[in-house]
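Subject: Structure handover

Hello,

Here is the structure you are taking over. My notes on it follow below.

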Amino acid sequence: MQLSPAHHDERLTAPRSWWGIAALVGLACALMLLPLGTLPLLAGLVGGTALGGLLVSSYGSARVRVVGGALAAGDARIPVAALGEPEILDAQESRAWRTYKADTRAFMLMRSYVPTAVRIEVTDPADPTPYVYVSTREPEALRAAVLAAQAAPAA
């Protein structure tokens with residue numbers, strides 16, 4: 001099956017170092033339970049590592065997709081017809097739009113460990129959201145998919 005040029009699918013997974021931190025959380029839990037014996041120590045190791053891994057996995061499970069005439073970023077689904085032209089942001093511009101240039105009304109799916117992003121103006125006059133900010137490791141592909149979806153005839 002050939003995907004259309006208006007299709008984009010990306011998962012913003014957490015960096016590998018965060019998984020090491022999850023393992024260290026398990027080790028810390030094990031050390032806290034060391035005075036209670038071997039079984040509590042093992043339970044702390046397994047439970048703490050599992051909890052740390054679950055948190056890293058859930059935070060790193062955000063998906064960015066352009067499919068079916070909509071931009072799906074995290075839990076939001078925005079029709080591409082309500083969006084303007086995507087602007088690719090390099091690492092420096094991404095940081096600026098995450099901090100001092102940010103508008104509190106904007107929809108932002110941001111991950112600080114992803115250095116690049118795409119910012120898209122919301123052109124729907126009924127929507128108070130000024131723009132959509134989406135962290136992405138593939139800004140050119142996301143921009144191309146949004147533009148292709150905007151150019152595609154409405155089904």
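Four strands make up an open sheet of mixed pairing, in the order β5-β7-β8-β6; helices (H or I, at least four residues) and strands (E, at least two) are DSSP runs, numbered from the N terminus, and two strands pair if DSSP finds at least two bridges between them. β5 (83–89) and β6 (107–109) are the edge strands, each with a single partner, so one side of each has no neighbour in the sheet. From one strand to the next the twist averages 15°.

This is a predicted model: local features need pLDDT of at least 70 and side-chain atom pairs count only at pLDDT 80 or more, while totals for chains, interfaces and linings use all residues. Residues are numbered from 1 along each chain as its sequence is written, and side-chain values use heavy atoms, without hydrogens and water.

β6 and β8 pair in the parallel sense over three bridges. F107 stands opposite V132 in β8.

α4 lies across β5, β7 and β8 and runs at about 170° to β5 (axes are lines fitted to C-alpha atoms, for helices over the stretch in contact, and angles run from 0 to 180 degrees between N-to-C directions).

The largest nonpolar core has 25 residues. Such a core is a set of buried (under 20% relative accessible area, 1.4 Å probe, protein chains only) Ala, Val, Leu, Ile, Met, Phe, Trp, Tyr and Cys residues joined through side-chain atoms within 4.5 Å. L71, V134 and L142 have the most contacts inside it. α4 gives the largest share, four residues.

Regards

Notes:
Buried means under 20% relative accessible area, exposed over 50%, partly exposed in between (1.4 Å probe, protein chains only). Contact means heavy atoms within 4.5 Å.
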